[in-house]
Amino acid sequence: MSTNPFDDTDGVFHALVNDEGQYSLWPSFSPVPAGWTAALSEVDRRTAIDFVNENWTDMRPRTLRETTDTPT
C-alpha cells in the first residue's frame, strides 16, 4: 500500500504560494507546479504547516480580497 506523500511526517516539504496569495504544502521531491513559488523550502512537515498557518490568514484569493475590501 502506498502512502500519501503529503501526510509523511518524516518528509521534507516546501510551502508554496501563488499569485493569488494562496498557500500549499508540497513535498520537496516533486517539482514545483507552474504558477507556484516556494516561499519556504526544504523543511520538515510541521515547520511548513506552521508557516502556511502563520502567513495564510485570509483564505480568499488576492483578487477577491482587493475587490471586496475596497471602501465604497
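**View 1. Y23, a buried tyrosine of the predicted model.** Y23 has a relative accessible area of 17% and is therefore buried. Buried means under 20% relative accessible area, exposed over 50%, and partly exposed in between, with a 1.4 Å probe and protein chains only. This is a predicted model: local features need pLDDT of at least 70, side-chain atom pairs count only at pLDDT 80 or more, and totals for chains, interfaces and linings use all residues. Residues are numbered from 1 along each chain as its sequence is written, and side-chain values use heavy atoms, with hydrogens and water left out.

**View 2. The rings of Y23 and W56.** The ring centres of Y23 and W56 lie 6.3 Å apart and the planes meet at 40°, so this pair is tilted. Rings of Phe, Tyr and Trp (its six-membered ring) pair if their centres lie within 6.5 Å; planes under 30 degrees apart count as stacked, over 60 as edge-to-face and the rest as tilted. The pair links distant parts of the chain, 33 residues apart. Y23 sits in strand β2, and W56 in the loop between α1 and α2 (62-68). Helices (H or I, at least four residues) and strands (E, at least two) are DSSP runs, numbered from the N terminus. W56 counts as buried because its relative accessibility is 19%. Ring pairs join Y23, F51 and W56 into a cluster.

**View 3. The rings of F6 and W26.** The chain has 3 aromatic pairs by the ring rule. In the pair of F6 and W26, the centres are 5.5 Å apart and the planes stand at 70°, so the geometry is edge-to-face. F6 belongs to the segment before β1 and W26 to strand β2, so the pair ties together parts 20 residues apart in sequence. F6 is partly exposed, at a relative accessible area of 30%.

View 4. Three strands form an open sheet in the order β2-β1-β3, with antiparallel pairing. The edge strands, β2 and β3, each pair on one side only. Neighbouring strands are turned by 25° against each other on average, direction ignored. Strand β1 (residues 12-18) pairs with β2 in the antiparallel sense over 5 bridges. Two strands pair if DSSP finds at least two bridges between them. H14 has W26 in β2 as its bridge partner. Helix α1 (residues 45-55) packs on the sheet and touches β1, β2 and β3. The direction of α1 makes about 140° with that of β3. Axes are lines fitted to C-alpha atoms, for helices over the stretch in contact, and angles run from 0 to 180 degrees between N-to-C directions.

**View 5. S28 in its loop.** S28 lies between β2 (23-27) and β3 (36-44), in the loop. S28 counts as partly exposed because its relative accessibility is 22%. Not counting residues up to four places away in sequence, S28 touches V12, F13, H14 and E42. Contact means heavy atoms within 4.5 Å.

**View 6. The whole chain, for orientation.** The chain holds 2 helices and 3 strands, and follows the pattern β-β-β-α-α along the sequence. The C-alpha trace spans about 55 × 25 × 25 Å along its principal axes. Buried residues make up 26% of the 72 residues.
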